[in-house]
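Biologist: I would like to learn how to read a few local features in a model. Can we take them one at a time?

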Amino acid sequence: MTFRSPIQHCRACGTAVVYRLPDDGDTKQRAVCPACNTVHYENPLNVVGTVPAMPDGRVLLCKRNIEPRWGKWTLPAGFMELDETTAQGAARETDEEAGAQIEMGPLFSLLNVPRVGQVHLFYRATLLSDRFNPGHETIEAKLFAEEEVPWDELAFRTVKETLAAYFADRRAGGFGLHCIDIE
């Protein structure tokens, strides 16, 4: 079951919506406005970020200065904005959270998290410097070798799965694309 706040009012006219099957043949209950017949669709949110790494394999993690999971470590990531691509959003989040200079690489992991209505996309990125200027959402930005990663202090399972895949691929000598479903 998805955790969400149900739509209560029509975004077009403000009338209280009802959840029912739309009259257009849709097979899923939607928030429908009884006054203007607007159907409101609810879609997953995209979370975009990077696995920023030095050529020696150390990765950049950010200690969160916001909830949820304040004080836990994460890869730089956040919600994609309108008018940007997933890669642009990932680069923006890396700059905002870590102040890191990167060269964007290919898509590395795609993680479906249907329980919370999210899709997480992480790109590999090469760090161009080991100097960081964290934004207000980050307490500290720090490089970690695989054996130094605070695995029990990671903020999200999507980050843990992505890091595990990154280090496994690095040991194997080649990177792939990882598609993972988080239940």
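Modeller: We go through aromatic pairs, strand pairing and backbone geometry.

Modeller: This is a predicted model: local features need pLDDT of at least 70, side-chain atom pairs count only at pLDDT 80 or more, and totals for chains, interfaces and linings use all residues. Residues are numbered from 1 along each chain as its sequence is written, and side-chain values use heavy atoms, with hydrogens and water left out.

Biologist: How many aromatic pairs does a search of the whole structure find?

Modeller: A pair of aromatic rings is described by the distance of the centres and the angle of the planes. Rings of Phe, Tyr and Trp (its six-membered ring) pair if their centres lie within 6.5 Å; planes under 30 degrees apart count as stacked, over 60 as edge-to-face and the rest as tilted. The search finds 6 pairs here. Take tryptophan 151 and phenylalanine 167: the centres are 6.3 Å apart and the planes at 70°, so the pair is edge-to-face.

Biologist: Which parts does that pair tie together?

Modeller: Helices (H or I, at least four residues) and strands (E, at least two) are DSSP runs, numbered from the N terminus. Tryptophan 151 lies in the loop between strand E10 (138–144) and helix H2 (157–172), and phenylalanine 167 lies in helix H2, so the pair ties together parts that are 16 residues apart in sequence.

Biologist: Is phenylalanine 167 buried or exposed?

Modeller: Buried means under 20% relative accessible area, exposed over 50%, partly exposed in between (1.4 Å probe, protein chains only). Phenylalanine 167 is buried at 3%. Tryptophan 151 is partly exposed at 26%. Phenylalanine 167 also pairs with tyrosine 166: centres 5.2 Å apart, planes at 75°, so again edge-to-face. Tyrosine 166 is buried at 5%. Ring pairs link Phe108, Trp151, Tyr166, Phe167 and Phe175 into a cluster.

Biologist: Which strands does E5 pair with?

Modeller: Two strands pair if DSSP finds at least two bridges between them. E5 and E10 run antiparallel, joined by 6 bridges. Leucine 61 has lysine 142 in E10 as its bridge partner. E5 also pairs with strand E6 (residues 73–74), antiparallel, over 2 bridges. There, cysteine 62 stands opposite threonine 74. Strand E5 (residues 59–64) is mostly covered, with 5 of its 6 residues buried.

Biologist: Where is there a cis peptide bond?

Modeller: Between glutamate 67 and proline 68, with omega about 0°. Proline 68 sits in the loop between E5 and E6.

Biologist: What is the phi of aspartate 83?

Modeller: Phi is near 65°, a positive value in a residue other than glycine. Aspartate 83 is exposed, at 83% relative accessible area.
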